[in-house]
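Trainee: Please take a close look with me at a single part of this structure, and tie what you find there into one connected account.

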Amino acid sequence: EGKKEELRKLKVPELKEKLRELGLPVSGRKAELVERLLESAEEAPEEEATAGVGVVVLQEVDEPEGLVSVKARGGLQPTKELVIQSPNYGSLQAVVDICVSGVPGWITLYAKASEDPIRAVVHTPRGIQVFLREPFPLHC
């Protein structure tokens, strides 16, 4: 109930901003927006379970029609959860290349040496595939 009261105190534009951040629809009355946020919070894993997890969110923000396409597919969904062994030595190193279908190019995830594995979640619209590969070495 505390979360519901907290959300009810927010103004509609603030609720809509929270929904946009989650990739959820922003249409409807204030009560519907609050319920949508509460439902989303119930579906999300507990904060302790995701502590230290990086989130890579890929969406077009420069092109309004790209955002419409994301909304039409139901917003962003967790598509792939990554648990990758951290580099054993040295400073910042490429650990994995990520490709999202429909997005040109690859995104390289970098990490510093650590004993802990790297945890990340890639969010995409429903039906979009995510591909991983060993990072290509850079020769500058």
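**A strand and its surroundings**

Mentor: Let's begin with a pair: Leu76 stands opposite Pro125 in E5. Before we go on, please keep in mind that this is a predicted model, in which local features need pLDDT of at least 70 and side-chain atom pairs count only at pLDDT 80 or more, while totals for chains, interfaces and linings use all residues. Residues are numbered from 1 along each chain as its sequence is written, and side-chain values use heavy atoms, with hydrogens and water left out.

The chain has five helices and six strands, and from the N terminus on their order is α-α-α-α-β-α-β-β-β-β-β.

Now back to our strand. E2 and E5 pair in the antiparallel sense, over eight bridges; two strands count as paired if DSSP finds at least two bridges between them. E5 is largely enclosed by the rest of the structure, because seven of its eight residues are buried. Here buried means under 20% relative accessible area, exposed means over 50%, and partly exposed is in between (1.4 Å probe, protein chains only). Across the chain, buried residues make up 30% of the 140 residues.

Not counting residues up to four places away in sequence, Pro125 touches Val70, Arg73, Gly75 and Leu76, where contact means heavy atoms within 4.5 Å. Gly74 is 51 residues from Pro125 in sequence, yet their C-alpha atoms are 6.9 Å apart in space.

Thr124 also has its place in E5, and with a relative accessible area of 1% Thr124 is buried. The side chain of Thr124 makes a polar contact with the side chain of Thr79, at 2.4 Å. A polar contact is a pair of N or O atoms within 3.5 Å; within protein, one must be able to donate a hydrogen and the other to accept it, and residues adjacent in sequence count only if both atoms are side-chain atoms. Leaving aside neighbours within four places in sequence, the contacts of Thr124 include Gly75, Gln77, Val100 and Val130.

Val122 is another residue in E5, buried with a relative accessible area of 0%. From Val122 to Gln77 the C-alpha distance is 8.4 Å, although the two are 45 residues apart in sequence.

A nonpolar core is a set of buried Ala, Val, Leu, Ile, Met, Phe, Trp, Tyr and Cys residues joined through side-chain atoms within 4.5 Å. The largest one has 13 residues, and Leu82, Ile84, Val95, Val96, Ile98, Leu109 and Ile118 touch the most other members. Two or more residues come from each of strands E2 (76-84), E3 (93-100), E4 (107-111) and E5 (118-125). E3 gives the largest share, four residues. In soluble globular proteins, nonpolar side chains tend to be buried together.

Six of its eight residues are buried, so E3 is largely enclosed by the rest of the structure. Leaving aside neighbours within four places in sequence, Val95 is in contact with Ile84, Pro87, Leu109, Ala111, Ile118 and Pro135.

E3 has partners of its own. E3 and E4 run antiparallel and are joined by five bridges, with Ala94 opposite Tyr110 in E4. These two strands form a hairpin with six residues between them, and Gly102 in the turn has a positive phi of about 90°. E3 also pairs with strand E6 (residues 130-133) in the antiparallel sense over four bridges, and there Cys99 stands opposite Phe131 in E6.
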